[in-house]
Amino acid sequence: MAVERTLVFLKPDAVMRGLVGPILNRLEARGFTFVAMKLLHVSKELAEKHYAIHKGKPFYDGLVRYVQSGPVVACVLEGEDAIAGCRRLMGATDPRKGAPGEIRFDYAQEIGRNLVHGSDGPQTAATEIALWFKPDELVTYRRAGHEWVHEKA
Ligand code: DAT
Ligand code: MG
């Protein structure tokens, strides 16, 4: 398994509902490392670029409005299998179809208010990290206790 970086952002509902701490805690507690983090209002340009793949779908306009509807917290997380690992913690795209223990199931009820985004593959992660962060906003370090998470540290 490879060490990967993934783009995660907490959507405006997560910030407005005061769920930033609990959601980031799930990702942090599993042992993933924050490489970057910032609070921002997403511009129309960033929203449209980020969701370009969904352009033309019935939910696209609502989705682009939703991510601009309040502040978001954007992060880059690093770790073994971080891309799929973070998405598994987030759970099903539609919270109703998820299961207890998943972030979206535990804290959300609707697909259009599903709290959190995570990159879905290595290529998407690279593209999204470059879209959201400048290279000098990424900070490389090793978390204390690495050897207590990884047997072969
Ligand atoms: P994910 O966020 O799990 O990667 P996705 O990339 O397929 O899911 O879609 C991006 C976002 O668009 C998703 O988080 C919520 C919204 N969305 C997707 N499918 C939808 C649908 N059928 N109806 C309403 N919103 C949808
Ligand atoms: Mg997606």
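Which residue forms a salt bridge with Glu45? The partner is Lys49, and the legends below cover this pair and other sites. This is a predicted model, in which local features need pLDDT of at least 70, side-chain atom pairs count only at pLDDT 80 or more, and totals for chains, interfaces and linings use all residues. Residues are numbered from 1 along each chain as its sequence is written, chains are lettered from A and ligands numbered from 1 in the order in which they are written, and side-chain values use heavy atoms, with hydrogens and water left out.

View 1. The closest N and O atoms of the pair are 3.1 Å apart. A salt bridge is a side-chain nitrogen of Lys or Arg within 4 Å of a carboxyl oxygen of Asp or Glu; the structure holds 7 of them. Helices (H or I, at least four residues) and strands (E, at least two) are DSSP runs, numbered from the N terminus. Glu45 is exposed, at 52% relative accessible area. Buried means under 20% relative accessible area, exposed over 50%, and partly exposed in between (1.4 Å probe, protein chains only).

**View 2. Salt bridge between Glu137 and Lys38.** The closest N and O atoms lie 3.3 Å apart. The pair joins distant parts of the chain, 99 residues apart: Glu137 is in the loop between helix H7 (122–132) and helix H8 (146–149), and Lys38 is in strand S2 (residues 33–40). Glu137 is partly exposed, with a relative accessible area of 28%, and Lys38 is also partly exposed, at 23%.

**View 3. Salt-bridge network of Asp94, Arg96 and Lys97.** Within it, the side chains of Lys97 and Asp94 meet at 4.0 Å, N to O. Lys97 is exposed, with a relative accessible area of 67%, whereas Asp94 is buried, at 12%.

View 4. Oxygen atoms of ligand 1 make polar contacts (pairs of N or O atoms within 3.5 Å) with side chains: a polar atom of His54 is 3.1 Å away, an N or O atom of Thr93 is at 2.5 Å, and one of Asn114 is at 2.8 Å. Taken alone, ligand 1 exposes 520 Å², of which the protein buries 73% (Shrake-Rupley method, 1.4 Å probe).

Terms used: Polar contact = N/O pair within 3.5 Å; in protein donor to acceptor, adjacent residues only side chain to side chain.
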